[in-house]
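Subject: Structure handover

Hello,

Please find the structure below. My notes on it come after.

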Amino acid sequence: MSSVMQAGVCVRSNQMDFDEEVMYRSTQYLYDYVRQDPETQRPFAMTVSLTHPHDPYAISQEYWDRYEDVDIPMPSINIPQEEQDPHSVRLLKCVDLWENKVPDEAIKRARRAYYGACSYVDDQVGRLMKTLKNCGLADNTIVVFSGDHGDMLGERGLWYKMSFLEMSARVPMVFHCPSRFSPRRVDQPVSTMDLLPTFVDMVGGKLAPYLHLDGRSLYPALHGEQDQGNTVYGEYMGEGTCTPVVMIRRRQYKYITSLVDPPQLFNLHADPQELHNLCKSADQGDVILATKFATEAGQKWDLQAMHDDAITSQRKRRFVWEALTIGRFESWDYQPPQMANQQYIRSTIPLDDLERRARFPVVDALGKTSEFASSQGAAGAANE
């Protein structure tokens, strides 16, 4: 929890270094593109992948100051640890929050830094849009803005991501191309898995019928066609899990299940804060709906086979790792040029050893005052 306890201002972070390099290279790519001979130019596709907003919750003074005297709301949902669902209990233990409490001051600082990081990203998007305009590319370039996960930011006592709760799993998705389609809001569930088939439709391509592809094209929806039948499927096997956790999202309903946890079913229209698990409802309609979702999940996923495959894979990799530690070490991972994996990775080095920052007084749950240095750890990879 150091990234929460030490949240605040940093002079410079590895994440900012990474994002500034991404912005430099992407804008330079556009400048180089327009220098080409128009007769030989080809259409381009470019991914500009920023690490912000993300933990550790540290941002430069400029963006921190933007939220000076701004009322930063505290988490609206607080669930006692003894009432948490089993997966949330594992997440609390995973980040060492079980039977521990984050001081209110640290929560406010972390949220303020996250807000500042969001503003930082806004500015980078604006910078990219301005470059497109200056290069004469704004009218015939499709811009898509999305993300890979959210952040609990203390809601329900949870932090970071690692769950299918809305604060963690819901991400923005914005398409911009005024020459192709008018502004509108699509209220059906969609997924980042839908991006690839959408791009194929946008350029008039065709998907190979013999290749399976998750997701479906959103191109009709961008032109105003209504489709309420879209379903989003999710699978999670990362931090805080002991077996695969899967999700089905259809219309206003979200169903979550695994081999070891009681299933959850939420009506997000009636219960946007996901406080009422319909799988526990005595209402006959809710029981029938939960049973249908359970049947569908059982038909789509062989959870026991997924679990067994993951355990087997882990054991194989641990066996190889033990062999690699004998004699001269030779990593089996691809090593990118300039050792970028060392420059921009999340490190196990304590944050204070990387960058020391201003110190903030923090009062713990027992009323004891201490100081935490606001610092910034190493950033995640671009494709995290």
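This is a predicted model: local features need pLDDT of at least 70, side-chain atom pairs count only at pLDDT 80 or more; totals for chains, interfaces and linings use all residues.

Residues are numbered from 1 along each chain as its sequence is written, and side-chain values use heavy atoms, without hydrogens and water.

Rings of Phe, Tyr and Trp (its six-membered ring) pair if their centres lie within 6.5 Å; planes under 30 degrees apart are stacked, over 60 edge-to-face, the rest tilted. The count is 10 aromatic pairs. One of them, Tyr63 with Tyr120, is edge-to-face, at 5.5 Å between centres and 85° between planes. It joins helix H3 (residues 61-65) to helix H5 (residues 104-134), the two residues being 57 apart. Helices (H or I, at least four residues) and strands (E, at least two) are DSSP runs, numbered from the N terminus. Both Tyr63 and Tyr120 are buried (under 20% relative accessible area, 1.4 Å probe, protein chains only). Tyr57, Tyr114, Trp159 and Tyr160 make up one aromatic cluster.

Strands S5-S6-S7-S8, in that order, form an open antiparallel sheet; two strands pair if DSSP finds at least two bridges between them. S5 (231-236) and S8 (264-267) are the edges, each with a single partner strand, so one side of each has no neighbour in the sheet. S5 is joined to S6 (residues 245-250) by six bridges, and Tyr233 stands opposite Ile248 in S6.

Regards

Note on methods:
Buried means under 20% relative accessible area, exposed over 50%, partly exposed in between (1.4 Å probe, protein chains only).
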